[in-house]
Amino acid sequence: MGPEPLDPQELPLVCSVIQSSGQLESIYLFYLSSVLHQLTIPIAFILLMQLSGAIEVVRRDTTMEFSKQAHILGNALFELLSEALGLSAGNLEGLDCGKGHCILFNYYPPCPEPELTMGTSRHSDPDFLTILLQDSIGGLQVLCQNQWIDVPPLPGALVVNIGDLLQLMSNERFKSVEHRVLANQKGARVSIACFFTLHLYPTTRTYGPIKELLSEVNPPLYRQTSLQHFIAHYDNKGLDGNSALTHFKLHK
Ligand SMILES: O=C(O)CCC(=O)C(=O)O
């Protein structure tokens, strides 16, 4: 007998994606919590990946527990970030920043010639915030003052990245972090990224610099955008090394 169907009311909006990078083909799986109990195709993909030796099976209940905990942590972080902006603790949550998330499993096979390729090329995330769990292999780097800095894996530690949308909403008080993943010969690497975003869900909300942060000396740097428009621009542009935010700047 399979697990009990999940009550969508108890869960944050969530979807999962499995992505295998490098020499293997990318596999994207999207699903909503409300239909999790009807999942047959994603489970079949996971089993296929497992049979091919590409990935160990990812249990649905483990994924959902991770998702639940990430949701709790994400909302705690949004409270702290709201306060750091001088706003009330519930401000970012009130703007639905913590309402939905998407989980991406990245699989990087070992690469025989890592100097010729990249695990993931340079980019910042098109979301509000990302919580990232990496295994012990390493390879994640962030761009800091024009230098690539290693983010060494620490047991039990999560990496938290500010996403492009928070840079836009905070009128650049927060900066989204450019990062990349180096390919490596040592062995397969797995990371799990939890992106706080709502672009996969029907929302008519638009986002721009938060009004309380603006003044004569701090005029808006970005125009208002819907999440669908933002992500469409991000996807069309591709990971070309340029920030998607430039397109939304008021004065270029
Ligand atoms: O694998 C990682 O550590 C980072 C993955 C990443 O940058 C992404 O999924 O956007």
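User: In which helix is His229 found?

Analyst: His229 is found in helix H5, residues 227-237. A helix here is a DSSP run of H or I with at least four residues, a strand is a run of E with at least two, and both are numbered from the N terminus. Residue numbers start from 1 along each chain as its sequence is written. Please keep in mind that this is a predicted model, where local features need pLDDT of at least 70, side-chain atom pairs count only at pLDDT 80 or more, and totals for chains, interfaces and linings use all residues.

User: Why is His229 called partly exposed?

Analyst: Let's count neighbours. His229 has 15 other C-beta atoms within 10 Å. A residue is buried if 20 or more other C-beta atoms (placed from the backbone) lie within 10 Å of its own, exposed if 12 or fewer, and partly exposed in between. The count of 15 falls in between, so His229 is partly exposed.

User: What makes strand E2 largely enclosed by the rest of the structure?

Analyst: Eight of the nine residues of E2 are buried, so the strand is largely enclosed. E2 also has a partner: eight bridges join E2 to E9, and the two run antiparallel. In that pairing, Ile103 stands opposite Cys194 in E9.

User: How do you know that strands E5 and E8 pair?

Analyst: Three bridges join E5 (residues 140-144) to E8, and they run antiparallel. Two strands pair if DSSP finds at least two bridges between them, so three bridges are enough for E5 and E8. Across this pairing, Val142 stands opposite His179 in E8.

User: What makes E3 and E6 the edges of their sheet?

Analyst: The open sheet has four strands in the order E3-E8-E5-E6, with antiparallel pairing. E3 (118-123) and E6 (147-150) each have a single partner strand, so one side of each is left without a neighbour in the sheet.

User: What is the phi of Asp96, and where does the residue lie?

Analyst: Asp96 has a positive phi of about 70 degrees although it is not a glycine. Asp96 lies in the loop between helix H3 (91-94) and E2. Asp96 has 17 C-beta neighbours inside 10 Å and counts as partly exposed. Beyond its neighbours within four places in sequence, Asp96 is in contact (C-beta atoms, placed from the backbone, within 7 Å) with Leu198, Thr203 and Arg205.

User: Where does pLDDT stay under 50?

Analyst: Among such stretches are residues 1-16 and residues 18-48. pLDDT is the predictor's confidence in each residue, from 0 to 100. The chain has a mean pLDDT of 81, and 76% of its residues reach 70 or more. Where pLDDT is low, the predicted coordinates should not be read in detail.

Definitions and conventions:
Two residues are in contact if their C-beta atoms, placed from the backbone, lie within 7 Å.
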